[in-house]
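Here is a short briefing to read alongside the model. Keep the viewer open and follow the residues as they come up.

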Amino acid sequence: MDAQLKRGILNICILKLLENDSMYGYELVKTIQQYFRDTEESTLYAILRRLNKEGLTDMYYSDVSNGPVRKYYSITELGRKHLKEYIDSWKYIENVFEQLGVL
């Protein structure tokens with residue numbers, strides 16, 4: 001899969017996963033890798049850092065009893081807005097593909 005296309009899809013997937021609940025980084029990585037097996041952890045963590053830097057996610061640390069401190073991510077209102085725009089764009093592209101007979 002084209003790297004640029006995959007990165008865009010991963011943005012959508014991460015924001016969608018965070019839409020209902022916060023998740024810690026490793027949990028996000030393992031969930032995404034179930035669908036995109038060839039995606040490196042480092043790629044996903046870089047995307048998480050960028051989403052956070054762009055204000056689409058918030059990040060906080062949380063202690064887990066008898067476990068390590070975990071870095072959790074949650075979606076921001078700006079992230080929700082971008083997610084909606086991503087999904088609308090995806091639906092538009094899907095419609096174009098259907099009209100062209102690609103799907």
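Y45 is partly exposed, at a relative accessible area of 26%; here buried means under 20% relative accessible area, exposed over 50%, and partly exposed in between, with a 1.4 Å probe and protein chains only. This is a predicted model, so local features need pLDDT of at least 70 and side-chain atom pairs count only at pLDDT 80 or more, while totals for chains, interfaces and linings use all residues. Residues are numbered from 1 along each chain as its sequence is written, and side-chain values use heavy atoms, with hydrogens and water left out.

**Around Y45**

- Y45 sits in helix α3, which covers residues 41-53; helices (H or I, at least four residues) and strands (E, at least two) are DSSP runs numbered from the N terminus.
- Apart from neighbours within four places in sequence, Y45 is in contact with G25, Y26 and V29, where contact means heavy atoms within 4.5 Å.
- A polar atom of the Y45 side chain lies 3.2 Å from the backbone nitrogen of Y26.

**Nonpolar surface patch**

- L100 also belongs to a nonpolar surface patch of about 660 Å², made by Y92, I93, F97, L100, V102 and L103.
- Patches are made of residues with over 30% relative accessible area and no salt bridge, joining like charges within 9 Å and nonpolar side chains (Val, Leu, Ile, Met, Phe, Trp, Tyr) within 5 Å.
- Accessible areas come from the Shrake-Rupley method with a 1.4 Å probe, and for residues only the protein chains shown count as cover.

**Aromatic pairs**

- Two aromatic pairs turn up in a search of the whole structure; rings of Phe, Tyr and Trp (its six-membered ring) pair if their centres lie within 6.5 Å, and planes under 30 degrees apart count as stacked, over 60 as edge-to-face and the rest as tilted.
- Y24 and Y72 form an edge-to-face pair, because their ring centres are 5.6 Å apart and their planes stand at 70 degrees.
- That pair links distant parts of the chain, with Y24 in strand β1 (residues 23-24) and Y72 in strand β3 (residues 70-75), 48 residues apart.
- Y24 is buried at 18% relative accessible area, and Y72 is buried at 16%.
- Y60 and Y72 are stacked, 5.5 Å centre to centre with 10 degrees between the planes.
- This pair, too, links distant parts of the chain: Y60 is in strand β2 (residues 57-62) and Y72 in strand β3, twelve residues apart.
- Y60 counts as partly exposed, at 36% relative accessibility.
- Through these ring pairs, Y24, Y60 and Y72 are linked into a cluster.

**Salt bridges**

- Five salt bridges are found across the whole structure, each a side-chain nitrogen of Lys or Arg within 4 Å of a carboxyl oxygen of Asp or Glu.
- One of them joins K16 and E19 at 2.6 Å, N to O; K16 is partly exposed at 43%, and E19 is partly exposed at 24%.
- E54 and R50 meet at 3.5 Å, N to O, with E54 partly exposed at 42% and R50 partly exposed at 23%.
- R80 and E77 also form a salt bridge, at 3.5 Å, N to O.
- Both R80 and E77 lie in helix α4, three residues apart, about one turn of the helix.
- R80 is partly exposed at 33%, whereas E77 is exposed at 61%.

How values were computed. Polar contact = N/O pair within 3.5 Å; in protein donor to acceptor, adjacent residues only side chain to side chain.
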